[in-house]
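Subject: A structure to look through

Dear colleague,

My notes on what was found in it follow directly after.

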Amino acid sequence: MKIHSIKTVTPEDLEVIRDLARKIWFEHYPGIITNQQINYMLDRGYTIDTLRNDLVQGITMTILMVEAEPAGFAAFGPAPKETGTTNGTCAKLHKLYLASSFQRHGFGSVLLQDAEAKCHDSGYSCLTLSVNKHNAIAVAFYKRHGYQIIASVLDAIGGGFFMDDYLMGRHIGWQIGH
């Protein structure tokens, strides 16, 4: 495996996150959602102001660096109230993305395990996430890591678009060596 590290994102890193998201989404999502929805969701969730607000709201973001190149990123922290998992024990994995050239090398697992460990260290005992129902690769990845489907959710997100997701989750802590 190549030399890698995980860096906690600061406001100075937000352009890297924005640019990496655009690259990854257009590598992966065509065929799952339309290019119009990809652009809509990127414009909605990955502006510098939106990302900065995520940091202010207590969302932790990390960048996976492989051989000094940004390869992927994760964002995790408090679960939004609308998820129904805000009992204080569950965190939410808001984002986990890896560039296609770094997939199938264990780096996605590295990012996920780092997020789980940091959430556990912050006092959370479970982690939830949303994944597009038609994203078979991601659904299988999370199932391999012990996540189970909790619910099926169809949410209008504006612009005439919907998120057709599975809510998945698992307990964290003892499974990751803590």
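Read along the sequence, the protein chain of this predicted model follows the pattern β-α-α-α-β-β-β-α-β-α-β-β, which comes to five helices and seven strands; here helices (H or I, at least four residues) and strands (E, at least two) are DSSP runs, numbered from the N terminus. The radius of gyration of the chain, taken over C-alpha atoms, is 15 Å, close to the 16 Å that the globule rule gives for 178 residues, so the chain is as compact as a globular protein of that length; the globule rule is 2.2 Å times the number of residues to the power 0.38. Along its principal axes, the C-alpha trace spans about 45 × 40 × 30 Å.

Before the details, two remarks on how to read the values. Residues are numbered from 1 along each chain as its sequence is written, and side-chain values use heavy atoms, with hydrogens and water left out. Because this is a predicted model, local features need pLDDT of at least 70 and side-chain atom pairs count only at pLDDT 80 or more, while totals for chains, interfaces and linings use all residues.

The sheet

The seven strands form an open sheet in the order S1-S2-S3-S4-S5-S7-S6, with mixed pairing, where two strands pair if DSSP finds at least two bridges between them. Strand S1 (4–8) and S6 stand at the edges with a single partner strand each, so one side of each is left without a neighbour in the sheet. From one strand to the next, the twist averages 25 degrees.

Strand S4 (residues 90–98) pairs with S5 in the parallel sense over four bridges, and cysteine 90 has cysteine 126 in S5 as its bridge partner. Helix H5 (residues 136–144) packs on the sheet, where it touches S4, S5, S6 and S7, and its direction makes about 160 degrees with that of S5; contact means heavy atoms within 4.5 Å.

Strand S5 (residues 126–132) and strand S7 (residues 161–171) run antiparallel and are joined by seven bridges, with valine 131 partnered by tyrosine 166 in S7. S7 also pairs with strand S6 (residues 148–158), in the antiparallel sense and over nine bridges, and alanine 151 stands opposite leucine 167 in S7. S6 and S7 form a hairpin with two residues between them, and glycine 159 in the turn has a positive phi of about 65 degrees.

The helix pairs

Two packed helices are described by the angle between their axes and the distance between the axes. The axes are lines fitted to C-alpha atoms, for helices over the stretch in contact, and angles run from 0 to 180 degrees between N-to-C directions.

Helix H1 (residues 14–28) and helix H3 (residues 48–56) pack at an angle of about 120 degrees, with their axes 10 Å apart. That makes H1 oblique to H3, since angles under 35 degrees count as roughly parallel, over 145 as roughly antiparallel, 65 to 115 as roughly perpendicular and the rest as oblique. In this contact, Leu14, Glu15, Ile17 and Arg18 in H1 meet Ile48, Leu51, Arg52 and Leu55 in H3.

H1 also packs with helix H2 (residues 35–45), at an angle of about 160 degrees and with the axes 11 Å apart, which makes H1 roughly antiparallel to H2. Among the residues that meet here are Trp25 and Phe26 in H1, and Ile38 and Leu42 in H2.
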